[in-house]
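I opened my notebook for a new model today. Here is what I looked up, in the order I went.

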Amino acid sequence: ATYCGTLGVEYMHIPDRQRCNWIRQRVETPSFLTTDREQALATYERMCRADGFERFLGDKFKTTKRFGIDGGEAVIPGLEAMVDRAVEMGCEDFVFGMPHRGRLNILVNVMGKPMSKMLAEFLGTAYDVDEKLGELDEHDWSS
């Protein structure tokens, strides 16, 4: 069943036979890529959120250069699963190096950046609250 599905795993180019065998043992098992209904629905929901976000940006900012994810929506559930698993294992910080393509979607849907903050930055209306409070403290209120 491993070789009859829609996923291919290439590993024969790896010169180290131990590594090839390690991959083969994991891929050629009945439990490889088994998902339950809830897991499949969660993945589908994540992809729908990513697609909806892209459509929203496309509708609201038609003429703005925004580097949409355009066909790469499937990366969202993968990254989100990776982050979720890493958090379970105790990871606290993440650094993602990536191109512009899909960056806004990943910031909102994977890293949890609030949509309001992202849109404010996108529209150029965001400001640093601490900086603004500092300006208020420096203001001469006696006049």
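**Entry 1: the whole chain.** I am working with a predicted model. I counted six helices and zero strands in the protein chain, and from the N terminus the order reads α-α-α-α-α-α. I then checked burial: 20% of the 143 residues count as buried. For the accessible surface I got about 11100 Å², with 55% of this belonging to carbon and sulfur atoms. I also looked at contacts between residues at least 6 apart in sequence, and 58% of them join residues at least 24 apart.

**Entry 2: Arg46.** I picked Arg46, which sits in helix 2 (residues 37-60). Is Arg46 buried or exposed? Its relative accessibility is 16%, and the cut-off for buried is under 20%, so I put Arg46 down as buried. Leaving out residues up to four places away in sequence, I found Arg46 touching Ile76, Pro77, Glu80, Ala81 and Asp84.

**Entry 3: helix 2 against helix 3.** I next turned to the packing of helix 2 with helix 3 (residues 75-88) and noted an angle of about 120°, with the axes 8 Å apart. Angles of 65 to 115 degrees count as roughly perpendicular and those over 145 as roughly antiparallel, so this pair is oblique. I logged the crossing as right-handed. On the helix 2 side, the contact is made by Thr43, Arg46, Met47, Arg49 and Ala50; helix 3 brings Ile76, Pro77, Glu80, Ala81 and Asp84. Sorted by class, I have five nonpolar, one polar and four charged residues in this contact.

Conventions:
Residues numbered from 1 in each chain as written. Predicted model: local features only at pLDDT ≥ 70, side-chain atom pairs only at ≥ 80, totals over all residues. Heavy atoms only, no water. Helix = DSSP H or I, 4+ residues; strand = E, 2+ residues; numbered from the N terminus. Buried < 20%, exposed > 50% of the residue type's maximum accessible area, 1.4 Å probe, protein only. Contact = heavy atoms within 4.5 Å. Areas by Shrake-Rupley, 256 points an atom, 1.4 Å probe, with all protein chains shown as cover. Axes fitted to C-alpha atoms, helices over the stretch in contact; angles between N-to-C directions. Parallel < 35°, antiparallel > 145°, perpendicular 65-115°, else oblique. Left-handed = near helix turned anticlockwise from the far one by under 90°. Nonpolar A, V, L, I, M, F, W, Y, C, P; charged D, E, K, R; others polar.
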